[in-house]
Amino acid sequence: SVKKVEWCASWRFQSRSLARFFLMQWVCLGAWVAFSTAQVDWTIACHITLTQCWVPQDLVCMGYNGASWFLSTLLFSYMLFPLLSSITQSITARVKWPVIIVALCLATCVKYNSETNYYWQFFPPMRVIDFTYGIMLAQATRWLLGHPVSASLSRFLPWLELLGVVAVAVVASVVDGNSSTWATWL
């Protein structure tokens, strides 16, 4: 059946991605251990297994190879991708756009009203919101491009994307109160 083929393809994609994540993490972690003069402690086990983002401490998430927190959270999102994709596909495109806009507004409010960096930046279930938002945005865009009026709209899509990035950067700069924030978005 089609669903079985899609599930098998999804599983192959996930397993290859997971293998790359772990290989990349272990190579970087090995280089860090080899060249660093810092003390190795129990938290290295979390980094070896890419579970450091499940420990609610910024120092654990950012220890050793500090950028690997992203792999830890992305690993969780990739594992949930088949479920998230099937759930979001059941939402009609006319409903997706308002949900996407509301989700972006809520996520922005949470970020700028959060007391700790851990739950907003590192905690994997919170990052699933971003991941799901991206899935829904891709699905809604695919629907839009398949719509009869899309031929006339498709030439404006790059400009709409640029406008969206600039709008997010401006809003983030205003909310953050930091004029350099827009540069990091671009």
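Which side chain does the side chain of Q25 meet in a polar contact? I started there. The side chains of Q25 and S68 are joined by a polar contact of 3.3 Å. (A polar contact is a pair of N or O atoms within 3.5 Å; within protein, one must be able to donate a hydrogen and the other to accept it, and residues adjacent in sequence count only if both atoms are side-chain atoms.)

I noted the ground rules. The model is predicted, local features need pLDDT of at least 70, side-chain atom pairs count only at pLDDT 80 or more, and totals for chains, interfaces and linings use all residues. Residues are numbered from 1 along each chain as its sequence is written, and side-chain values use heavy atoms, with hydrogens and water left out.

Next, I checked the setting of Q25. Q25 is buried, at a relative accessible area of 0% (buried is under 20%, exposed over 50%, partly exposed in between, with a 1.4 Å probe and protein chains only).

Then I turned to the rings. I found nine aromatic pairs. (Rings of Phe, Tyr and Trp, the last by its six-membered ring, pair if their centres lie within 6.5 Å; planes under 30 degrees apart are stacked, over 60 edge-to-face, the rest tilted.) F22 and W26 make a tilted pair, 5.5 Å centre to centre with 45 degrees between the planes. W26 is partly exposed, at 45% relative accessible area. F81 is partly exposed, at 30%. Ring pairs also link F21, Y78, F81 and F131 into a cluster.
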